[in-house]
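Please look at the sequence and the model shown here.

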There are 2 protein chains.
Amino acid sequence: MAKFLTNREENYAQWYNDLVIKADMAENSVVRGCMVIKPYGYAIWEKIQSALDRMFKATGHVNAYFPLFIPKSFFSREAAHVEGFAKECAVVTHYRLKNDETGKGIVVDPSARLEEELIIRPTSETIIWNSYKNWIQSYRDLPILINQWANVVRWEMRTRLFLRTAEFLWQEGHTAHATREEAIEETERMINVYSDFAENFMALPVIKGYKSETERFAGAIETYAIEALMQDGKSLQAGTSHFLGQNFARAFDVQFTDKTGKLDYVWATSWGLSTRMIGALIMAHADNHGLVIPPKLAPLQVVIIPIYKNSEQLGKLTVTALKIKSKLEETGISVKYDDRDNNTPGWKFADYELKGVPVRLAIGPRDLENGTVEIARRDTLEKKSVAADSVYKLIPDLLKEIQQNIFNKALKFRDKNTYYIDKWDDFVKILDDQGGFIMAHWDGTAETEEKIKEETKATIRCIPFDTTGKEGKCIYSGKPSKRRVLFARSY
Amino acid sequence: MAKFLTNREENYAQWYNDLVIKADMAENSVVRGCMVIKPYGYAIWEKIQSALDRMFKATGHVNAYFPLFIPKSFFSREAAHVEGFAKECAVVTHYRLKNDETGKGIVVDPSARLEEELIIRPTSETIIWNSYKNWIQSYRDLPILINQWANVVRWEMRTRLFLRTAEFLWQEGHTAHATREEAIEETERMINVYSDFAENFMALPVIKGYKSETERFAGAIETYAIEALMQDGKSLQAGTSHFLGQNFARAFDVQFTDKTGKLDYVWATSWGLSTRMIGALIMAHADNHGLVIPPKLAPLQVVIIPIYKNSEQLGKLTVTALKIKSKLEETGISVKYDDRDNNTPGWKFADYELKGVPVRLAIGPRDLENGTVEIARRDTLEKKSVAADSVYKLIPDLLKEIQQNIFNKALKFRDKNTYYIDKWDDFVKILDDQGGFIMAHWDGTAETEEKIKEETKATIRCIPFDTTGKEGKCIYSGKPSKRRVLFARSY
């Protein structure tokens, strides 16, 4: 066990924070709420970007870039949007500094005040729809299927590395369509892309569903989300896709001529996924030894560590290690040979476990004699000795197996911690004792939702797409309910 | 000729602007000085990013991400840096908006004033070196070889799409080293990476050299730059690499213990290349028909256009076209088959010329009969009929040839427009008549440099690395000069 990590079972929040810092993923910066994403954390983000970007392009999307700044007045255009986003944000009021008259440092130049304040984008619907206005005249200009990779800022009061930071990195898709049906289809397509990504790359089982009205994106008609269960029994929203109806088209007066020559407002969607996912990756899979990174997102998939007593031994081990490295790399596997002489093999073992590298190979002089190598997998911590020349065939399969096993473990955990509850006392007790996903009936009103939240801190995470329509009675009010919804405490 | 473009020879600036807009590269946004990079322009940026990122990683660098915001006081820490960067910048003073008391829109909440104003990064040396302070204790922590892909903001008064915008995208490398020699080596390595990229991907011949003290990066001991000649005879700085000495380490108190146990300040470099390069790409190669994109950076390398009278013909042409498309794609070439029925082939020809697609294939019914296809190259506008089954071999070679030809043409243009001048009258006349690169002697003083700038608007673009040490007399003052330097008017 990595001794410098707080025990996960004793203090989950502290364990998480320790791990992010010790595994060199990120750290708090001097600017309140803003993190520095360190190279190892950023390498995982690059893997996430690369996989998602390919999926976006395969579904017909292209990338573009819109301004960081949004005129303040834009937020007032869409009534719900202003309530949701114009509150806690970074406001640019001036565009120049000057030398202090006392000669000590620099001050804001009061004469360089902007006529209209600029807001650092918390999300880009407004600035983008203001552009789309000029791009769309006819149905022939539709659909527009654009994604943007960008930084956004939401002035959060309580921040946590990756999970909630004032500035974060994300992608935001913003599409424009000629019909309601097409926009809904796009909203569904993208929540499916997200769940595909979550399950097949992040090894994270998710539940897809609608958000209740209270939990919807500010300005959306319908928000679809994927929800994942973390190891402490809390839910994490891992991606959202919004059907925006004609709300933003109306707010920015974006009309088009349809095939029959009639003018209508354009239909919209937006969808986003952020660096928060790195937090989810950690909280879903990591353990008291450190990170457990699914092979498909691991910056480094295999590490080779030599065990030697003198430089003659090291020389021989290096020949074998480099041969293994280059042959594995030919098959597209990322491999590092760590022959640094300033740390013991034991220290290195612990360090790569902390970093969550999926497969570790160790070779010592006896292995050379016997033609063997020790192979250890991070997910189960199992190790065994195998024939050295079997690793080329073995490791690609092992990486697939590890990817699947991490997913299976998370799925098993979720299944074990998902409860179908019909009594209010059980509902409260489960939340207080162990947390988890609770599938319970709800009467469909915002009032009941609010009261449940007040009394238990649990919210409706989503109304799952695939619950069958079995009727029942609301867990709280006893009123009729059409189907069960997913309750949990959440990040 | 694309009729809607201003003629390049008549009004170069207007031609450039027309082209950026008409080719759907970018447009001005509603926010002063900030552009929207449209999908076609952004696709070129993605190609640039991908090529550079591979080169950075091949030279041992990793990516990371630092905050958008920099505390105001950080700029005062490095004396030269504050003069260069703390002037025109976006200043965040507040972190909240609230509903206006009159009920009309939203206003800045005066109670949410930041204790210390935050500056949107114009460049990140300060915030990064403030982080490095905690990362570096011993020589074992060095070197740090980090790059960041990010947006930055410099509140420019006069902006032009891609060339000079308030917000732009770039990469900024920030490295930390144990010795002066190692840092200088890194500074040189990166200017070589940039010139390699410019010449081999952008097809842009560049001159590498030192900046004069006046033109140096604020805070640098030495700035290396690559300079490229645009078609209007002006120079464009296409990338810079700075040796920062120990300036930022001193400013942020970053010391390390060297191998002998002695404390010393860390040595630094930084280097950057921005979306400005897209402006250079346009101004170096495009013509009155539109963009000319070097194949290695072309989002689309080959377009296939069917020429038909009825749907039966189209059906047959489509079979052949899709076969060509998929076989070319197998070799990694990007191909689009444009069978849209709402535009004529002639319109499409002009549109793909405007967009600078390197190779166009056209197929009509007669081609089907004869087993031929018409192949046209964008760089020379030549076209010829070839056997349809020869294109698989022909096109990969043709793309290489086009890449080389675009470079050769630019090099020839530069050679023709580079003058070795010894008389002041000639110097002035050339700048006024046709512009170009002028290699002339300079006495090495800032005073002379300033006077030449005042009288001619020409500046020292760089002191080329590879000028031989032939002595002479300063073009302006007549004082002794050790070697020729590169003068030009510039973007």
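## A helix pair

In this predicted model, helix α2 of chain B passes helix α5 of chain B in a right-handed crossing, meaning that the near helix is turned clockwise from the far one by less than a right angle. The helices, α2(B) at residues 39–58 and α5(B) at residues 180–200, pack at an angle of about 145° with their axes 11 Å apart; axes are lines fitted to C-alpha atoms, for helices over the stretch in contact, and angles run from 0 to 180 degrees between N-to-C directions.

Where they meet (heavy atoms within 4.5 Å), α2(B) brings residues including B:I48 and B:F56, and α5(B) brings residues including B:M190 and B:D196. The residues of this contact divide into 9 nonpolar, no polar and 1 charged, with Ala, Val, Leu, Ile, Met, Phe, Trp, Tyr, Cys and Pro counted as nonpolar, Asp, Glu, Lys and Arg as charged, and the others, Gly among them, as polar.

## A mixed sheet and its helices

Chain B also holds an open sheet of 5 strands in the order β17-β16-β18-β19-β20, with mixed pairing, where strands pair if DSSP finds at least two bridges between them. Strands β18(B) and β19(B) run antiparallel and are joined by 4 bridges; B:A376 is the bridge partner of B:R360.

Helix α9(B) lies across β16, β17, β18 and β19 of chain B, at about 170° to β16(B), whereas α11(B) lies across β16, β18, β19 and β20, at about 10° to β19(B). Helices (H or I, at least four residues) and strands (E, at least two) are DSSP runs, numbered from the N terminus.

## Conventions

Residues are numbered from 1 along each chain as its sequence is written, and chains are lettered from A and ligands numbered from 1 in the order in which they are written. Local features need pLDDT of at least 70, side-chain atom pairs count only at pLDDT 80 or more, and totals for chains, interfaces and linings use all residues, while side-chain values use heavy atoms, with hydrogens and water left out.
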